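Let's walk through a model together, one feature at a time. Have the viewer open as you read.

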Amino acid sequence: MRVYLDNNATTLVDPHVFAEMEPYFVQKYGNPNSLHSFASETHPGLKDAMEKIYAGIHAPKEDSVVITSCATESNNWVFKSIYFEYILTGRKNHIIVSEVEHPSVIATAKFIESMGCKVTYLPINHEGLVDPQTVRDSITSKTALVSVMWANNETGAIFPVEEIGAICAEHNVLFHTDAVQAIGKIPVDVQSFNVDYLTFSAHKFHGPKGVGGLYMKKGRELSPLLHGGSQMGGYRSGTLNVAGIVGMGKAMEQAIDALDFEMTDVREMRDAFEDELLKIPDTFVVTPREKRTPNTILISFRGIEGESMLWDLNRAGIGASTGSACASEDLESNPVMEAIGAEADLAHTAVRFSLSRYTTQEELDYTIEVVRKAVERLRGISSSYAYAPEGHKSGLDTHH
Ligand code: 7TS
């Protein structure tokens with residue numbers, strides 16, 4: 001059996017999405033900006049896709065949604081443009097991010113920090129959440145931007161973007177949120193709270209890889225990251241990824257249709273699976289499940305290196321993760337576990353299981369069996385587990 005439980009890294013392309021994309025490779029292959037029928041026959045599909053994307057995040061017509069190549073590009077764009085517009089010009093000198101943002105935010109923040117911008121990295125609390133008060137306390141008259149993700153990719157923790165958005169509005173500071181892990185898992189409505197910029201990526205909600213977007217509220221324009229032609233109103237040059245955009249539109253529509261299923265059925269399956277995992281002694285989950293996206297579990301098995309667990313799972317045909325795939329080549333401890341202050345030995349033990357609407361009960365039953373056997377085998381050969389004192393506590397709560 002092969003089981004895919006790494007849906008926070010990427011998802012399978014929904015077959016309906018694939019079917020909508022297919023004509024745009026061999027048949028309707030024109031460049032939408034050309035002046036002939038090969039171009040114009042791409043226009044209805046593009047228009048329809050953009051409408052679905054606007055509807056999916058409830059963006060009003062007057063606001064902009066700019067298509068990019070991925071969330072990494074959208075995040076880079078926001079930070080680098082803010083740097084050029086506000087920091088380099090001396091109008092402001094400071095930005096605020098949470099310390100558990102995706103590397104595409106953290107690395108970009110570090111880059112502009114190296115160019116002279118002050119950066120505050122907000123801590124997370126013992127539940128893996130950002131406290132809005134820390135945002136309030138960090139804002140100065142020189143703060144240009146606050147960027148806090150909507151849902152964390154490692155733990156699934158849902159951050160209080162409404163409160164943070166309100167604090168930013170109160171202080172006249174721009175607010176960006178990386179909503180990559182929120183779309184299709186929880187309701188995302190850009191009109192329901194104060195947000196200036198919002199990042200998303202199609203491949204996290206059963207769309208194709210290599211296409212994403214940035215929502216921008218009217219009046220919050222950014223200077224382009226890629227200069228060139230006049231595509232996307234000049235905000236983002238480069239020939240449009242027609243099939244990708246059509247695919248993202250369809251994927252957004254499907255994700256919204258499936259949202260109830262995700263929030264009830266997927267959540268129930270996840271909870272039951274987590275209950276079974278937590279029956280294994282000395283296992284820990286950081287963020288309470290009601291404060292998480294419905295599909296995610298980050299769980300620690302004391303005494304077991306996350307990588308060793310992945311090895312056993314992979315041999316049994318199960319794909320999971322120790323954290324972000326982007327960082328998984330350097331055997332470092334999980335950054336979120338470090339941020340909550342987990343003991344060093346636990347920070348290395350985190351394994352992430354992320355479900356999707358395609359995950360089946362049979363797959364989860366099989367995974368439980370494999371995990372149980374792996375825990376037995378790996379703890380049997382683990383020196384640290386054997387020597388752990390009886391009843392030794394981690395300081396982390398278990399959430400049954
Ligand atoms: N932002 C968040 C919150 C993410 O989870 C990811 C990918 C990205 C940005 C980057 O998206 P892309 O469109 O540029 O690919 N996160 C992960 C992950 O958790 N494991 O592998 C990739």
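Q: What should I know about the ground rules and the confidence?
A: This is a predicted model, so to speak of local features we need pLDDT of at least 70, side-chain atom pairs count only at pLDDT 80 or more, and totals for chains, interfaces and linings use all residues. Residues are numbered from 1 along each chain as its sequence is written, and side-chain values use heavy atoms, with hydrogens and water left out. pLDDT is the predictor's confidence in each residue, from 0 to 100. Here the chain averages 93, and 94% of the residues score at least 70.

Q: Where does pLDDT stay under 50?
A: Where pLDDT is low, the predicted coordinates should not be read in detail. That applies to residues 391-395, where pLDDT stays under 50.

Q: Which domains does the assignment give?
A: Domain bounds come from an automatic or database domain assignment. For this chain, that gives domain 1 (3-9 + 260-384) and domain 2 (15-257). Their C-alpha centres lie 28 Å apart. The contact (heavy atoms within 4.5 Å) takes 28 residues from domain 1 and 29 residues from domain 2.

Q: Which residues touch the most other members of the largest nonpolar core?
A: In soluble globular proteins, nonpolar side chains tend to be buried together. A nonpolar core is a set of buried Ala, Val, Leu, Ile, Met, Phe, Trp, Tyr and Cys residues joined through side-chain atoms within 4.5 Å; buried means under 20% relative accessible area, exposed over 50%, partly exposed in between (1.4 Å probe, protein chains only). The largest core here has 66 residues, and Ile57, Val65 and Val146 touch the most other members. Domain 1 and domain 2 both give residues to this core, so it lies between them. Apart from it lies another core, of 28 residues, including Leu277 and Phe301.

Q: Which polar side-chain atom lies 2.6 Å from a nitrogen atom of the ligand?
A: A polar contact is a pair of N or O atoms within 3.5 Å; within protein, one must be able to donate a hydrogen and the other to accept it, and residues adjacent in sequence count only if both atoms are side-chain atoms. The 2.6 Å case belongs to Asp178. A polar side-chain atom of His203 lies 2.9 Å from a ligand oxygen atom, and an N or O atom in the Arg352 side chain is 2.9 Å from an oxygen atom of the ligand.
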